[in-house]
Amino acid sequence: MASFFEGESHTFSEYLLVPGYSSSECVPANVSLKTPLVRFKRGEESPITLNIPMVSAIMQAVSGPKLAVALAQEGGLSFIFGSQSAESEAAMVAEVKSYKAGFVVSDSTLTPDMTLAEVIDLKEETGHSAMPVTEDGSSHGKLVGIVTSRDYRPSRDDRSTPVSDFMTPLDKLVVAHKDVTLKSANDIIWDNKLNQLPVVDDDGNLMYLVFRKDYDSHKSNPDELLDADKRYMVGAGINTRDYAERVPMLIDAGADVLCIDSSEGFSEWQKLTLDWVREHYGDSVKVGAGNVVDAEGFRFLAEAGADFVKVGIGGGSICITREQKGIGRGQASSLIDVCRARDEYFEETGVYVPVCSDGGIVYDYHMTLALAMGADFLMLGRYFARFDESPTRRVNVNGSYMKEYWGEGSSRARNWQRYDMGGAKKLSFEEGVDSYVPYAGPLKENVNNSLLKVRSTMCNCGSLDLSELREKAKLTVVSSTSLVEGGAHDVVLKDANQQVSVNFRS
């Protein structure tokens, strides 16, 4: 007869934190969110420590180089998606590792023969108002001019007008040489009252843009996640099929940590992958594994040598694994069980294996709940997919801006390696959907706002760091009636916008 878990399978929305005593020192500014990323022994420190407990999901619609840089600037880490060729993934990792802070590679580049209509469409899609013009339209083509919102009037100008007729030509631009430092570039911007400064090589090819608006942001990233060479840190996803080819390329490209990307990790496939990495690289290469939903799965991966273990099956907003296959477990129940097993494993062995909560985060307060339940850090997909820096298109749907978002188990992703169980090397049925998420703007301000809520709640619990939160947190299960009581109720809201803000899931 099948075995049964006692009690129900719970999600984050079924819990609330009960406030504890907070001293006068408990203010958000004093809260540290530093957390270990990979395993370490008792009395030692983790070889990699995150400055904020956030990593981005290993997904095509989430983790590209642009988001990886933006998240590292805030103190978190991205895992570049592995559902692409090994060469392409390694190139993305290398792009992050070679990124020069403040020097932006253009991703909205025009050609002289493009029309005003195309410029307006591109601006609407990307939100970028400054677009360099190169001879071939490539990001590193020969620079011939630039177009900004001051160069045209959408309401009056003929939309068939070519870019060459209204762009600011090269001979009227202030440009900098490739050897310019960020300090010197900012001096040029301020001295010439510019909004952006193109940087070119010896042959006049565009290399980067430096923006005035980025000046303050580069001064306000005290939590940047940097390696020993002051480069941004970045992770990469691998699978249990082509690791012998993929891992060396990713390591050569500079990946700081790897993670096996699988819908279900309690399998020999993951052990074989970890064994291969240890045989060829020892402990120098850090590899996370998962996903699991109970203590037994955690113990298996920890003993197999995983540097961290991911928890969660079927809790993602675009995941339909539970519908399709009937496997999974409520994220809160999974996390509580696994974190208890992690603590027991630490007591027995003296080895701490961090736990990553992957999925199930709907509201910002769910982040604090997950951390209080024991998660060392959170892997987020939908949350990051909404931002400017995610690699998907921004589109207008029924008058509202949205970002495209699809699951790795969808036909669009075609990521058979993630769901394959030794079969026919194809995605036999979908375990994810293709969708939209509400566009939310830049990563920085959204992450800062979310983490301010986390810090504030930690203060309500009398905690100044995450280990103290896990020790002091008091949690209570709530009823369906309590859920209604917890939101706006029994009132008439003043306008429709308020109704949207109350119901919007951030």
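Me: Leaving aside its neighbours within four places in sequence, with which residues is lysine 97 in contact?
Reply: This is a predicted model, where local features need pLDDT of at least 70, side-chain atom pairs count only at pLDDT 80 or more, and totals for chains, interfaces and linings use all residues. Residues are numbered from 1 along each chain as its sequence is written, and side-chain values use heavy atoms, without hydrogens and water. With contact meaning heavy atoms within 4.5 Å, and with neighbours within four places in sequence left aside, lysine 97 is in contact with Asp227, Arg231, Tyr232, Met233, Val234, Ala253, Gly254 and Asp256.

Me: Is lysine 97 buried or exposed?
Reply: Lysine 97 lies in helix H2, residues 86-97 (helices, H or I, at least four residues, and strands, E, at least two, are DSSP runs numbered from the N terminus). Its relative accessible area is 5%. Because buried means under 20% relative accessible area, exposed over 50% and partly exposed in between (1.4 Å probe, protein chains only), lysine 97 is buried.

Me: With which side chain does the side chain of lysine 97 make a polar contact?
Reply: A polar contact is a pair of N or O atoms within 3.5 Å; within protein, one must be able to donate a hydrogen and the other to accept it, and residues adjacent in sequence count only if both atoms are side-chain atoms. The lysine 97 side chain reaches the backbone oxygen of tyrosine 232 at 2.9 Å. At 2.9 Å, it also makes a polar contact with the side chain of aspartate 256.

Me: Where is asparagine 51, and which side chain does its own side chain meet in a polar contact?
Reply: Asparagine 51 is placed in the loop between strand S4 (49-50) and strand S5 (54-56), and it counts as buried at 11% relative accessibility. Beyond four places in sequence, it touches Leu33, Lys34, Gly75, Asp223, Glu224 and Leu225. A polar atom of its side chain lies 3.4 Å from the backbone oxygen of glutamate 224. At 2.6 Å, the side chain of asparagine 51 makes a polar contact with that of lysine 34.

Me: How are H12 and H15 oriented to each other?
Reply: Helix H12 (residues 364-372) and helix H15 (residues 443-460) pack with their axes 9 Å apart, at an angle of about 50°. Angles under 35 degrees count as roughly parallel, over 145 as roughly antiparallel, 65 to 115 as roughly perpendicular and the rest as oblique. In the contact, Asp364, Met367, Thr368 and Leu371 in H12 meet Ser450, Lys453, Val454, Thr457 and Met458 in H15. H12 and H15 are therefore oblique.

Definitions and conventions
Axes fitted to C-alpha atoms, helices over the stretch in contact; angles between N-to-C directions.
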